[in-house]
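Okay everyone, thanks for coming.

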Amino acid sequence: MRIFLGILSALLLIVVVAAGGAVFAIHHFSQGLPEYAQLADYQPPTVTRVHAGDGRVLAEFATERRVFIPIEAMPKRVIRSFISAEDQNFYSHRGVDFGAVLRAIVVNVENVATGRRMLGASGITQQVAKNFLLTNEVSFERKIKEAILAFRMEQTFSKDRILELYLNEIFLGNRSYGVAAAGLNYFNKPLDELTIAETAYLAALPKAPNNYHPVRQHDAAVARRNWVIGRMHEDGYITAEEAEQARAEPLEVRRREETDYVTADYFAEEVRRQLSSRFGEQQLYEGGYSVRTTVDPKLQDVATKSLRDGLVAYDRRHGWRGPVAKLESFDNWSKQLAETTVPAGGEIWQLATVLEVSSDRAEIGIADGGRGRIPLAEVKWARKWIEGERLGPEVKQVGDVLAKGDVILVEPVAKDAKGKELPAGTFGLRQIPAAQGGLVAMDPHTGRVLAMSGGFSSKISVFNRATQAMRQPGSSFKPFVYMAALDNGFTPSTLVMDAPFAIQPGPGQPLWRPQNYSEDFLGPTTLRVGMEKSRNVMTVRLANSVGMDKVVDYAKRFGIADKLQPVLSMSLGAGETTVLKITTAYSMIVNGGKKVVPTFIDRVQDHTGKTVFKHDMRPCDGCSGVSWSPDMAVPDVPDARETVIDPRTAYQMVSILEGVVQRGTAKAVSSIGKPLAGKTGTTNDANDAWFVGFSPDLAVGLYIGFDQPRPLGGKETGGSISAPVFKDFMSVALKNEPATPFRMPPGIRLVRVDAATGQLAEPGQRNAIWEAFKPGTEPQPGEHFVLDGSDVASGGIPGGGYLQPPGSVPPLGQGSGPQEPASSGTGGLY
């Protein structure tokens with residue numbers, strides 16, 4: 001009995017000491033533990049995916065390419081496979097599975113004796129504690145801290161929350177963070193399409209992904225997978241038959257398919273900037289947003305090609321600047337060529353070297369080892385470039401352009417200029433344009449940017465000339481001067497004197513004498529003809545009569561410029577703006593004078609699917625949670641857009657700009673055969689060439705010019721450079737669209753007038769047009785108003801007057817932004 005009592009006392013003492021030791025250990029190791037409560041709101045870094053309007057991927061932004069899947073959306077089979085493999089009693093223990101710990105101790109004793117690797121016994125909760133809050137240090141101290149944190153987490157979080165963190169955070173090899181990424185990277189499947197064998201393989205990976213690589217460690221990977229399948233059968237998650245079929249399934253990795261990306265580099269970068277500004281850089285790269293943009297991939301392809309083709313066409317008119325490089329020898333020329341760096345922007349073509357030159361052709365070698373030829377017809381354009389955008393002598397033989405060893409850019413050509421088929425292996429000589437430009441296509445009713453190109457290639461520069469370049473718009477600004485006049489007593493048939501005049505800018509300064517591009521004068525001319533023929537002197541006289549303060553107000557209303565100087569030169573487009581701003585302004589003309597805000601983003605959702613931003617903020621009762629069917633009534637959505645101008649004035653300007661296409665400086669565009677309107681613009685010395693125009697439902701604006709402004713060359717204008725790009729774009733964009741006429745608002749009266757004089761047309765008159773008037777302003781027989789300078793303070797200039805009190809009048813071409821070095825001149829705009 002005494003011995004028994006002694007043993008019992010000793011055991012009791014051991015228990016007390018052990019309990020005290022456990023309490024001390026818990027207290028000791030609890031000091032300085034990480035704050036686990038932060039996991040309540042923790043979301044693992046996930047990829048922000050940006051989609052085009054058709055749902056295809058436009059861009060992805062991420063620090064870790066992880067896809068977050070809420071536990072509610074996680075397939076049961078995936079969850080069960082990981083529970084069987086990692087923690088069979090996950091839903092019953094309180095953080096630590098002591099049975100598993102004891103089994104691991106027994107096994108590890110045997111492993112120590114046999115020299116095998118020690119096994120761990122960390123359950124899912126412990127792994128979450130380690131992965132999120134601790135280090136990977138192998139020590140008893142870390143295991144104790146891990147257990148303490150696991151107990152505390154189980155008291156704070158639900159089992160599902162812990163499992164959600166685990167399955168989305170765990171690293172499974174092959175650049176895969178989380179099970180969703182692993183399913184795609186290993187098997188090219190979303191989670192709900194994985195087989196039992198595939199989910200079992202993923203569940204086999206957490207402990208040591210590299211040890212079970214499906215190719216390098218194939219046998220070990222299959223054995224580990226089959227072990228997990230057996231555990232799933234033991235746990236009752238699959239039947240014996242399913243387990244047998246899963247074990248028989250071969251372990252095959254399927255390369256993840258290339259995502260069907262939409263190529264729109266400038267558009268994607270603009271979206272990135274806007275998202276970063278709205279949500280912050282960290283949230284952009286880790287927040288897992290789903291972004292639906294406004295870009296129409298088909299229109300984007302057309303915009304990219306149209307602008308590139310326009311830049312190339314302009315560049316070819318101004319000569320050849322020489323080869324990319326030159327090979328010093330022809331020893332292993334294909335290897336030398338393959339090692340030659342393709343110049344930025346040249347990636348759309350191929351590198352080649354000239355092997356032989358004759359009078360009518362050049363034999364070339366391609367970087368892949370192939371060969372071809374360039375006929376004389378394909379180098380005829382390549383006259384030597386001379387500073388000032390002038391040309392050297394005419395090309396009479398290929399040797400005038402190319403020499404042996406030249407490294408050049410080429411493109412396969414199938415037909416010649418007359419459409420005749422060319423032999424296989426025929427190439428054309430190509431050159432990266434020196435000029436740049438920007439183009440924007442927009443829905444004029446909503447402001448949604450459907451396509452945008454910010455230059456020839458983003459590889460040359462990510463600077464976006466559609467949104468960032470501040471340039472003078474030239475005559476494309478004139479419609480806003482004319483609308484100010486139409487709102488202040490003028491009509492499209494009002495006659496304005498097109499005659500010489502000058503103003504005194506200030507003491508000691510020479511007179512400013514605005515000129516027309518054609519350097520002639522038409523005398524009394526209607527507003528319509530003044531716009532169609534882009535008459536500068538008329539515009540200045542009109543701005544003076546209306547008042548530059550009103551013109552400045554219109555520029556601000558339409559969002560072209562917030563701080564336009566109230567001086568007359570600004571009426572000819574001497575102020576600075578962007579392609580995006582002026583295209584938005586033209587959108588407000590064609591949409592009936594309604595304010596629109598340009599947007600590249602329709603909607604942003606966070607990782608849970610909650611909408612955190614949307615462009616269209618109109619209230620729509622009955623729009624949410626409704627399955628649409630054709631027989632349903634269309635919801636009544638109020639139009640909350642601000643009215644920036646009288647809709648009748650807007651329509652009058654639409655009609656006048658339609659005349660620019662039908663009879664004026666953009667007549668070449670009319671061959672499209674659809675209702676179109678627009679305005680050319682060329683700044684002083686032809687530093688910038690513009691065209692901005694629209695159909696009833698699509699507005700497009702663009703400019704072409706050098707990044708460091710300099711003249712584009714003699715006889716180059718918005719009509720010769722930019723209008724063809726607009727035409728090419730609209731020809732494709734409107735090809736399958738009906739010829740919808742421009743919409744006319746109530747309160748407009750159409751009257752047949754003489755297109756040249758604005759007077760009432762005679763019966764049967766051929767040059768008569770339907771002119772738009774506001775009621776009460778229609779012309780009467782034999783009556784018209786002429787603005788000839790008599791209504792302003794007279795001066796010493798015949799046919800005019802001092803149209804502006806003495807003050808500062810900056811010359812056209814003098815810019816204030818970093819993209820616009822100062823220049824001078826008095827030439828007209830076109």
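Let me start with a term: on a 1 Å grid over the protein atoms alone, a cavity is a set of points where a 1.4 Å probe fits but cannot get out, and a pocket is an open set with protein on both sides within 12 Å along at least five of seven lines; lining residues have an atom within 4 Å of a point. Points are joined across faces, edges and corners, and a volume is the space filled by probe spheres set on them.

Before the numbers, a caution: this is a predicted model, where local features need pLDDT of at least 70 and side-chain atom pairs count only at pLDDT 80 or more, while totals for chains, interfaces and linings use all residues. Residues are numbered from 1 along each chain as its sequence is written, and side-chain values use heavy atoms, with hydrogens and water left out.

So, how many cavities of 30 Å³ or more are there? The count comes to one, and the largest cavity has a volume of about 50 Å³. Its lining includes P473, F477, I560 and M570. By class, that lining has six nonpolar, two polar and one charged residues. Here Ala, Val, Leu, Ile, Met, Phe, Trp, Tyr, Cys and Pro count as nonpolar, Asp, Glu, Lys and Arg as charged, and the others, Gly among them, as polar.

What about the inside? Of the 830 residues, 50% count as buried, meaning under 20% relative accessible area, with exposed over 50% and partly exposed in between (1.4 Å probe, protein chains only). A nonpolar core is a set of buried Ala, Val, Leu, Ile, Met, Phe, Trp, Tyr and Cys residues joined through side-chain atoms within 4.5 Å. The largest one has 131 residues, and F558, F694 and F729 have the most contacts inside it. Apart from it lies another core, of 45 residues, V128 and I162 among them.

Take F729: leaving out residues up to four places away in sequence, F729 touches L299, V302, A303, S306, A441, L698 and V700, a contact being heavy atoms within 4.5 Å.

That's my tour, thanks!
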